[in-house]
Amino acid sequence: QVQLVESGGGVVQSGDSLRLSCVAPGSLFNTSIMGWYRQPPGKEREWVASITTRAFPVYADFGKGRFTVSRDSAANTIYLQMNSLKPEDTAVYYCVARHPSSIRPDHWGQGTQVAVSS
């Protein structure tokens, strides 16, 4: 079973920053579009950001200008730098891996909790 291991969640105040990390197996990391989803309390899961194997990032509108997704191929790790956090960013954040031919993520991490207080 493929393991995506997230870390970096926590409790912060509005306006603070957090950086999430996700480590993936090398064989998966090098061939997948990696990314992040989140699920706010009581709401549907939503896409946050993705980054291609060539490190081209794409963001959901709510993250543009505040979130930065990056990948470190030497460490098989992707990051989500989140700045100017808002209470509505409170959610469980999931790392995902998607083969370029897939429509939906093929692999999910276990999730890491982010809570932003006002």
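**Entry 1: nonpolar core.** I began with the largest nonpolar core of this predicted model. I found 26 residues in this core. M34, W36, L80, M82 and Y93 have the most contacts inside it. I then looked up which elements give two or more residues to this core, and noted β3 (18–23), α1 (26–29), β4 (33–39), β5 (46–51), β7 (67–72), β8 (77–82), β9 (91–98) and β11 (112–117). The element that gives the most is β9, with four residues.

**Entry 2: M82.** I next took up M82, one of the core residues with the most contacts. Leaving aside neighbours within four places in sequence, I recorded contacts of M82 with D16, S17, L18, L20, R66, F67, Y93 and V114.

Entry 3: I followed β8 into its sheet, an open one of four strands in the order β1-β3-β8-β7. The pairing is antiparallel. β1 (5–7) and β7 each have a single partner strand and stand at the edges, so one side of each lacks a neighbour in the sheet. From one strand to the next, I read an average twist of 15°. For the β7 and β8 pair, I noted six bridges.

**Entry 4: D89.** I located D89 in the loop between β8 and β9. Is D89 buried or exposed? I found a relative accessible area of 0%, so D89 is buried. Beyond neighbours within four places in sequence, D89 is in contact with R38, R66, F67, S84, V114 and V116. I marked R66, F67 and V114 as contacts of both D89 and M82.

Definitions and conventions: Residues numbered from 1 in each chain as written. Predicted model: local features only at pLDDT ≥ 70, side-chain atom pairs only at ≥ 80, totals over all residues. Heavy atoms only, no water. Core = buried A, V, L, I, M, F, W, Y, C linked by side-chain atoms within 4.5 Å. Buried < 20%, exposed > 50% of the residue type's maximum accessible area, 1.4 Å probe, protein only. Contact = heavy atoms within 4.5 Å. Pairing = 2+ DSSP bridges. Axes fitted to C-alpha atoms, helices over the stretch in contact; angles between N-to-C directions.
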